[in-house]
Amino acid sequence: MNTILISVAVLGGMGILFGLILSFAAIKLKVGEDPRLTALKELMPGANCGACGFPGCNGFAEAFFAGNAPADGCPVGRRRGLGEKLTAVMAG
Ligand code: SF4
């Protein structure tokens with residue numbers, strides 16, 4: 001019976017210890033998103049229609065940020081001058 005209790009205590013302690021280590025690592029090693037990408041995502045229309053060929057507005061913003069989509073690639077935002085706004089964000 002003692003063997004079982006000791007095993008449960010050791011495994012429980014290890015679980016708590018590794019949980020704390022992972023929590024600490026998640027906080028210390030967190031990689032924040034580039035503020036320009038956040039700004040791009042906030043400018044998107046939010047229709048998530050997929051007409052740009054990407055999986056939603058965030059997908060388009062990420063592709064544009066990576067240089068894999070043209071600034072005027074969103075037909076929904078084209079008339080509102082979205083392309084110019086996106087380009088201005090990338091220019092700083
Ligand atoms: S076309 Fe425009 S509105 Fe539609 S998902 Fe793409 S970025 Fe969003």
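Start by selecting Phe 54, which is partly exposed, with a relative accessible area of 24%. (Buried is under 20% relative accessible area, exposed is over 50% and partly exposed is in between, with a 1.4 Å probe and protein chains only.) The model on screen is predicted, so local features need pLDDT of at least 70 and side-chain atom pairs pLDDT 80 or more, while totals for chains, interfaces and linings use all residues. Residues are numbered from 1 along each chain as its sequence is written, and side-chain values use heavy atoms, without hydrogens and water.

Now go to the ligand. Which residues are the closest to the ligand? Select Cys 49, Gly 50, Cys 52, Cys 57 and Cys 74, the closest of the 14 residues that surround the ligand (a heavy atom within 4 Å). The shell around the ligand has 11 nonpolar residues, 3 polar ones and no charged ones. Cys counts as nonpolar and Gly as polar.

The ligand takes up the space of the largest cavity, meaning that more than half of its atoms lie within 2 Å of the grid points. This cavity holds about 80 Å³ of space. Of the 14 residues lining it, select Asn 48, Cys 49, Cys 52, Cys 57 and Cys 74, the closest to its centre. (A cavity is a set of points on a 1 Å grid over the protein atoms alone where a 1.4 Å probe fits but cannot get out; lining residues have an atom within 4 Å of a point.)

Finally, zoom out and colour residues 1–31 as domain 1 and 35–91 as domain 2. The centres of domain 1 and domain 2, taken over C-alpha atoms, are 43 Å apart.

Notes
1 Å grid on protein atoms, 1.4 Å probe; cavity = no way out; pocket = protein on both sides within 12 Å on 5 of 7 lines; lining within 4 Å. Points joined across faces, edges and corners; volume = space filled by probe spheres on them. Domains from an automatic or database assignment.
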